[in-house]
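Trainee: Could you walk me through this model, one question at a time? I'd like to see how each answer is reached.

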Amino acid sequence: MKKVNVLMIAALTLIAWSCKENEETVAGDTSQVATVNVHVNNFSVSQEDFPTSRAEQSIAEYSGIKAITLAFYKSDGTQQSCTTQLKADNTTYTTFGNFSLELPVGSYKMIVLGYGSDYPMVFNSMTDVTFGEEKTRETFSYTQDVVISNAAANDLTGTLQRINSRLHVISTDGRPADATKVRITFAAGGKGFNPLTGLATTDAGFTNVIDFASTAAGEVSKSRADLFLTTDEQTMSLTIETLDDDGYLLFSKVVSNVPFKRNRITSLTGSMYSPGSVSATFSVETDWETDYEMTF
């Protein structure tokens, strides 16, 4: 039976729910257990498309990460251990990004996720993780095969990589006072992902509703949405709808053939608050080191 440092098991219902597979007893050799210390040292950003982050920095310093989940899975896919640290709740950790627990002798797949949500992610299985009812957030992932061969202590480190793609929608016209929300529908991609590949577990698309809370009436607006792709690069259509407080549709735009790439921001710039459809014309940048910009 696993033993987990008491500091790691704060009585939070959400944390227990996010690691729900761990409620079942896992059979194994309990004659030997080894202490495993996991330090989430840094994470790397491979491209300059997220300008607010440096190429590599402490996980505690980066404001985009609000939670870290560490999970170990046995070779048969059964969850052995799952723990979440919430940056806003220091009862869930001693040092944010450092974990200490005990595992029975055996072989495991270690999964570490850092993400921008105040709530734990939901592990449906080793290959299916979602944000549940929450919006998709910026997500970093790291996986490693771990073998515990004896009772000696094991010190592990991991560098997380960003696996999500991001959309910016920027208006060229001022926001009317009654336009208080934007509804963005992705025709493909998904909200859940496989930590082992960093790719979406579904290609059915989804919808985000975003408030214009920080944009005054008459000013141009900027909205942001994150998603997971089924391939490293993926093209899809978007529907951008402006709503009032009651959810009534005011304006609607459809933008076709929008390119996305993991760890990259795609920016759409155009008129959002005028009637009628607007045809999209764009060119594809061959240099993936800068943001992709598109007008609609």
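Trainee: Is Asn 257 buried, partly exposed or exposed?

Mentor: This is a predicted model, where local features need pLDDT of at least 70, side-chain atom pairs count only at pLDDT 80 or more, and totals for chains, interfaces and linings use all residues. Residues are numbered from 1 along each chain as its sequence is written, and side-chain values use heavy atoms, with hydrogens and water left out. Buried means under 20% relative accessible area, exposed over 50%, and partly exposed in between (1.4 Å probe, protein chains only). Asn 257 has a relative accessible area of 47%, so the label is partly exposed.

Trainee: And what is the phi of Asn 257?

Mentor: Most residues other than glycine have a negative phi. Asn 257 is found in strand E19 (residues 249-261); strands (E, at least two residues) and helices (H or I, at least four) are DSSP runs, numbered from the N terminus. Asn 257 isn't a glycine, yet its phi is positive, at about 55 degrees.

Trainee: Which residue has its C-alpha atom 5.5 Å from that of Asn 257?

Mentor: Look 22 residues away along the chain. The residue there is Thr 235.

Trainee: Where is Asn 263, and what is its relative accessible area?

Mentor: Asn 263 sits in the loop between E19 and strand E20 (265-270). Its phi is positive too, near 60 degrees, and it is a residue other than glycine. Asn 263 counts as buried because its relative accessible area is 5%.

Trainee: Which side chain makes a polar contact with the side chain of Lys 109?

Mentor: Lys 109 lies in strand E7 and is partly exposed, because its relative accessible area is 22%. Contact means heavy atoms within 4.5 Å, and beyond four places in sequence Lys 109 touches several residues, including Phe 72, Met 126, Thr 143 and Asp 145. A polar contact is a pair of N or O atoms within 3.5 Å; within protein, one must be able to donate a hydrogen and the other to accept it, and residues adjacent in sequence count only if both atoms are side-chain atoms. At 2.8 Å, the partner is Asp 145.

Trainee: Over how many bridges do E7 and E10 pair?

Mentor: Two strands pair if DSSP finds at least two bridges between them. Val 112, for one, has Tyr 142 in E10 as its bridge partner. E7 (residues 106-115) and E10 (residues 139-148) run in the antiparallel sense, and the count is 10 bridges.

Trainee: Which residue's backbone oxygen lies 2.7 Å from a polar atom of the side chain of Gln 85?

Mentor: Gln 85 lies in strand E5 (residues 79-86), and it counts as buried because its relative accessibility is 0%. The backbone oxygen at 2.7 Å belongs to Asn 98.

Trainee: Which element gives the largest share of the lining of the second largest pocket?

Mentor: On a 1 Å grid over the protein atoms alone, a pocket is an open set of points where a 1.4 Å probe fits, with protein on both sides within 12 Å along at least five of seven lines; lining residues have an atom within 4 Å of a point. This one is lined by 16 residues, with Lys 135, Arg 137, Ile 210, Arg 224 and Ala 225 nearest its centre. Strand E16 (206-211) and strand E17 (222-227) are the elements that give two or more residues to that lining. The largest share is 5 residues, from E17.

Trainee: Is Asn 208 buried or exposed, and which residues does it contact?

Mentor: Asn 208 has its place in strand E16. A relative accessible area of 4% is why Asn 208 is buried. Leaving aside neighbours within four places in sequence, its contacts are Lys 135, Val 182, Arg 183, Ile 184 and Ala 225.

Trainee: How many strands does the chain have?

Mentor: Of the 296 residues of the chain, 49% count as buried. Among contacts between residues at least 6 apart in sequence, 72% join residues at least 24 apart. The chain has 1 helix, and its strands number 21.
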